[in-house]
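Q: I would like to learn how to read the features of a model like this one. Can we take them one at a time?

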2 protein chains.
Amino acid sequence: MPLYLDIHEQAPEGLTLEALERAHRVDLDHQAKHGVTFKQYWVDLAARKVFCLLEAPSAEAAAAVHREGHGLLANRIYEVVEGH
Amino acid sequence: MPLYLDIHEQAPEGLTLEALERAHRVDLDHQAKHGVTFKQYWVDLAARKVFCLLEAPSAEAAAAVHREGHGLLANRIYEVVEGH
């Protein structure tokens, strides 16, 4: 399954870790029907950046989960390989 | 220890996974003296993007490892919190 890293360049102003966790849980509720598995995510609240690492059959499937979940789409998504 | 995610926006043209692994090993050789611990990295070779996740005492320490290692500095570095 391809691995993707997406970048949300401008998270909502005033975002908190708690609100992000809630939004993430909504994503998790929608991931299975798109064959998506969220693996990790990171946030820089001050810079309003969020990064999600996920497995998905396609970039479109990854975007669909965000769209149907909280509606906050990533600005960029990259198909990545994990180094070791 | 703060956690950082850095982004290399324009990896060298023709970069291969093998060359990236070698560059990463050079980073690992330099990390201890700066108190840095590389945790994971990901690459999109087609888009020439590299993402590094690392613990460091500061963003400057993280940059110093890249500078003294292979000299390829990240364009952006964010202090992040890992979601769960």
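Predicted model: local features only at pLDDT ≥ 70, side-chain atom pairs only at ≥ 80, totals over all residues.

Q: Which residues of helix α2 of chain B are buried?
A: Start with the helix itself. An α-helix has 3.6 residues a turn, so residues three or four places apart point the same way. In helix α2 of chain B, residues 59–68, the buried ones are B:Ala61, B:Ala62, B:Ala64, B:Val65 and B:His66. These buried residues of α2(B) pack against β1, α1, β2, β3 and β4 of chain B.

Q: In what order do the strands of the closed barrel run?
A: Follow the pairing from strand to strand. The order is β1(A)-β3(A)-β2(A)-β4(B)-β1(B)-β3(B)-β2(B)-β4(A). That is eight strands with antiparallel pairing. On average, neighbouring strands are turned by 35° against each other, direction ignored.

Q: Over how many bridges do β2 of chain A and β4(B) pair?
A: Two bridges, in the antiparallel sense. A:Trp42 stands opposite B:Glu82 in β4(B).

Q: Which residues have the most contacts inside the largest nonpolar core?
A: In soluble globular proteins, nonpolar side chains tend to be buried together. Here the largest nonpolar core has 16 residues, and A:Trp42, A:Phe51, B:Trp42 and B:Phe51 have the most contacts inside it. Strands β1, β3 and β4 of chain A, and β1, β3 and β4 of chain B, each supply at least two residues of this core.

Q: Which residues does A:Phe51 touch?
A: Leave out residues up to four places away in sequence. Among the contacts of A:Phe51 in its own chain are A:Leu5, A:Ile7 and A:Trp42. From chain B, A:Phe51 touches B:Leu5, B:Ile7, B:Tyr78 and B:Val80.

Q: What rotation superposes chain A on chain B?
A: A rotation of 180°, with 0.0 Å of shift along its axis and an RMSD of 0.0 Å. That is the relation of a two-fold axis. Of the interface residues of chain A, 96% are also interface residues in chain B, so the copies meet through the same surface.

Q: How many disulfides does the structure hold?
A: A disulfide is a covalent bond between the sulfur atoms of two cysteines. This structure holds zero disulfides over all chains. For A:Cys52, the nearest cysteine sulfur is that of B:Cys52, 18 Å away. A:Cys52 is buried, with a relative accessible area of 4%. B:Cys52 is buried too, with a relative accessible area of 4%.

Key. Residues numbered from 1 in each chain as written. Chains lettered and ligands numbered in written order. Heavy atoms only, no water. Least-squares fit on C-alpha atoms with pLDDT ≥ 70 in both. Contact = heavy atoms within 4.5 Å. Buried < 20%, exposed > 50% of the residue type's maximum accessible area, 1.4 Å probe, protein only. Helix = DSSP H or I, 4+ residues; strand = E, 2+ residues; numbered from the N terminus. Core = buried A, V, L, I, M, F, W, Y, C linked by side-chain atoms within 4.5 Å. Disulfide = S-S within 2.5 Å. Pairing = 2+ DSSP bridges. Axes fitted to C-alpha atoms, helices over the stretch in contact; angles between N-to-C directions.
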